[in-house]
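Thanks for making the time this morning.

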Amino acid sequence: MSDYFSAVRAAFSADGLIARAQPYFRPRAGQTEMAMAVAETIDHGGVLVVEAGTGVGKTYSYLVPALLSGQRVLISTATKALQDQLFSRDLPSLTRMLGLPLRMAQLKGRPSYLCQHHLAQARQGRGAPRDPQLLRTLAQVEEWAKLTRTGDLAELSSVGEDSPVWPLVTSTRDNCLGSACPQFEPCHLNVARRAALDADVVVVNHHLFFADLEVRESGVAQLLPSVGVVVFDEAHQLNETGIQFAGTLIGTAQLQGYARDFLAQALEHARGMGDWMQLSADLERCVRDLRLAAGRSAAGTRLRWLGRVPDGLDALAWRGAFSALGQALHAALVALGNVEEMAAELRQLYARGEALLGRLALFGKTSSDDCVRWLDIGSRHLRMIESPLSIARIVRTRLLQEDETGGEAPVDASRRPGAWIFTSATLGDDDDLSWFTEPCGLRDARVLRVDSPFDYAQQAAVYVPQEFPVPGTPAHSAEVAALVQRSAEVLGGRTLVLTTTTKALQAIGAALQAQFGLFSDLEVLVQGQAPKQVLLERFRAGRQGGGRGCILVASATFWEGVDMPGDALELVVIDKLPFPPPDDPLVEARSQQLEAVGRNAFRDYMLPEAAMALKQGAGRLIRRETDQGVLVITDTRLVSKPYGRRLLAALPPMRRLHAPADYDAALAALALTRTSTRDSTSS
C-alpha cells in the first residue's frame, strides 16, 4: 500500500490524527470504507458515486483523502448552509488536524455579495428609497459595509433574507456594469473570485456551479481545468438544480424589474431625450396584462405548453398580451438605442433588454422535441420555462468531456479534473443507484453504498395505521390532525408533520391550531407563518426556558436538510406517499420519454421518486447514535399495494409496529425514557 493510502487509512484509526484531536471520535468501518474508495478514485482517476447513510461521516470521508492528495480541490454543495459549514468549520478544523497549510476560499453567487456601486446609487440616485423603515435598514447596511472584508451578506444576519433592501445593494448578471464599473477592482465578488483562483481548496454551491458553467462569469468555469478533484456533496439535488440552468427562463418579475431600471437609468443619464415614463409605463402595463391572460389558476400551478399557448388558457387573450409585451419591449429598445452611447449604464441596459427580447421570442415559437416547456404561475408573477429533461448530456460533454458516442472528447487531458466524487445520503433504492446515475449521465460510474452505523431496529419504529381515510380527502387531513394531537400530547410536542401538498399543510395546521390555543401546553408552528430558520429554532428550543412543547407542520424544503438531534424530535408523521404529481409538465414529459422506449413510467420513475422523497423525510427522525423515535406514515397504500414493499424497503431498517396498541406503547416508552433520563441527570 502506498504512503498516500496508508495516510488516509491511518487518519481514521483509533489512535489517528482525528481521534487525537477529537476525544469523542470513534472509528467507523463505513467511514473508512468510503474514504478509501475516494482515495482510490483520486489516485486512479474516474467517477465515484457514494450513497452514505446518515451518521457515516461522509464529509470527513471525502475531505481527508482529497486534502491529503496534494491536488487542487473543488467542492460543491446543494445549500449555502452546508457551504458555510464546510468553509468555516470542517475545513479549518481538518487542515489543523492534518497539519496542512492549505489556502481555502469559498465562492458564492452574485446575489450573495454587497455591490458597492449599487449601495452608493441607492443613497444618492434619483431612485433612492423614501420609506423610513427601508432607509433605516439601508443605513444599517452602510455601517456594516464599512467593516466587512468579504461583503458576504450572510454576515449581516440581523437583516431578513426577504428584506426589500437587498435588490438595492446587490447586482445581477443583467445590471452589473462589469469592467466599466467604478468599483470593479474592490468589488467583493471579484475579490472572492481572485481568491478562489489562487486557492488550494474552493467551496461553491450547485446553483453557482451550473450558472457559471453556462455564462462563465464567477470563476468556476475557469477553476475546473486547474483542479484535480471535484466533489459534489448533497448530490441528490444535482439534476433538478442543473436543469434550471440548462434551459431558458423569463418571468414577469424580471420584466417588471427591467421596466423600473429602464426608467431610473434613462432619467438619470438621458433626461429629455425620450418619452421614458410612457415607454416604461407601457412595458409595465403589458407585463400585468400577460399575468391577467394566465387566468385565475392557483399559485404553484404548472401549465403544460406543447403548442403556441399554454394549456387551458384563452388562446386569443394570451397571444394578444404576449405580442403586445414584445412590441412594448422592442419600442423601449429602439428609444434606448438612440442614447445608449451616452453612459455605460445605458449600454448595459440595452444589452440586457436585447437578451430579454430574445428569450421572449423563443417562447413565441413551439418548443424543441428534446425539451419540455411550461408556464409556472405564482401569486403575482409568471415564469415561462423551457428545460431539458435531465443533465445527462451536460455532465457527459461539459464536465466529463466525453463525446456523444461515449468516448473522450478531443481535449487536453491534463486540463481536466481526474477525479469526480458524487455523494449523498439518498441516491437510489437499487444497487446501481439508478435514480441518481441515470439522469446525471453516470451509469458507468463506480457505485458504492455505505450503510448507516445507527441501530435503527433499536432506535426507531415505523407505524402505518391500518384503518385510515383515503389520502387527499378532507377526512384524511382531519384524521391526521387527530392522530398528531393525541400523539403530541403524550410526547409533550416533539412532533414534525410532513405533508406532500400545500392544501394538506394548511388543513392539518389549521385543525391543530384550533385544537391547541394560546394557553395550551403545546404550540403549533406552521410553515409560511414565520421564516424557516425561526420555526426550526423555536422547535428545537421546545420546553427549554419554560417554553411550550412544539408541533411543526411543514412541507417542501422541510423534507430534507433539517437536523434536530436529541429529544427535540421524537415523532415524524408523513401524511401520504410522496409520488410526483402526474399532471406536472416535467413529470409528464419524463414519463412519456420512458414509455416511448418501452419502459414503465410508474415502476422506473414514479416509484423511485417516491422512494427517495420518503427516505429523505424519514431521515429527519434519527440524526445521532442516541436518538430514538417513531415514524408514522398515514397512507394505507404502503401496506395494501404490491409496490408498498419496495417503498418500505427504501426506509431505514426500523422495527414495524402493526397495531394501535403497539404504537401507543412505543410513544409511552419514549416519554418514560426521557423522564427517566432527566431524573437520573438531575439526581
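Let me begin with an open sheet of four strands, in the order S6-S9-S8-S7, whose pairing is antiparallel; two strands count as paired if DSSP finds at least two bridges between them, and the strands themselves are DSSP runs of E with at least two residues, while helices are runs of H or I with at least four, both numbered from the N terminus. At the edges sit strand S6 (248–251) and strand S7 (302–304), each of which pairs on one side only. On average, neighbouring strands of this sheet are turned by 20° against each other, direction ignored, where axes are lines fitted to C-alpha atoms, for helices over the stretch in contact, and angles run from 0 to 180 degrees between N-to-C directions. S6 is joined to strand S9 (residues 382–388) by four bridges, the two running antiparallel, and within that pairing Gly-251 has Arg-383 of S9 as its bridge partner. Helix H13 (residues 252–270) packs on the sheet and touches S6 and S9, its direction making about 60° with that of S6; contact here means heavy atoms within 4.5 Å.

Before going further, a word on provenance: this is a predicted model, in which local features need pLDDT of at least 70 and side-chain atom pairs count only at pLDDT 80 or more, whereas totals for chains, interfaces and linings use all residues. Residues are numbered from 1 along each chain as its sequence is written, and side-chain values use heavy atoms, with hydrogens and water left out.

Now to another strand: why can we say that S17 (residues 629–633) is largely enclosed by the rest of the structure? Five of its five residues are buried, so the strand is largely enclosed, buried meaning under 20% relative accessible area, exposed over 50% and partly exposed in between, with a 1.4 Å probe and protein chains only. Gly-629, Leu-631 and Ile-633 point one way from S17, Val-630 and Val-632 point the other way, and all are buried. Strand S12 (residues 460–463) runs parallel to S17 and is joined to it by four bridges, with Ala-461 partnering Val-630. Strand S16 (residues 571–574) is likewise parallel to S17 and joined by four bridges, and here Val-572 has Leu-631 as its partner.

As for helices, H9 (residues 188–198) has His-188, Leu-189, Asn-190, Ala-192 and Ala-196 as its buried residues. These pack against strand S3 (104–106), helix H6 (116–124), strand S4 (201–205) and helix H11 (220–223).

Turning to charges, side chains of opposite charge can pair when their charged atoms come close. How many salt bridges does a search of the whole structure find? The search finds 29, each being a side-chain nitrogen of Lys or Arg within 4 Å of a carboxyl oxygen of Asp or Glu. In one of them the side chains of Asp-90 and Arg-89 meet at 3.2 Å, N to O; Asp-90 counts as buried at 6% relative accessibility, whereas Arg-89, at 51%, counts as exposed. Asp-604 forms salt bridges with Arg-599, at 3.2 Å between the closest N and O atoms, and with Arg-603, at 3.0 Å. Glu-438, Arg-443, Arg-599, Arg-603 and Asp-604 are linked in a network of salt bridges.

Phe-209 and Phe-232 form an edge-to-face pair, 5.0 Å centre to centre with 80° between the planes. That pair links distant parts of the chain, with Phe-209 in helix H10 (residues 206–215) and Phe-232 in strand S5 (residues 229–232), 23 residues apart. Phe-209 is buried, at a relative accessible area of 0%, and Phe-232 is buried, also at 0%. Trp-318 and Phe-322, by contrast, form a tilted pair, 6.2 Å centre to centre and 35° between the planes; both lie in helix H15 (residues 315–337), four residues apart, about one turn of the helix. Ring pairs also link Phe-209, Phe-210, Phe-232, Trp-420, Phe-422 and Phe-436 into a cluster.

Definitions and conventions. Rings of Phe, Tyr and Trp (its six-membered ring) pair if their centres lie within 6.5 Å; planes under 30 degrees apart count as stacked, over 60 as edge-to-face and the rest as tilted.
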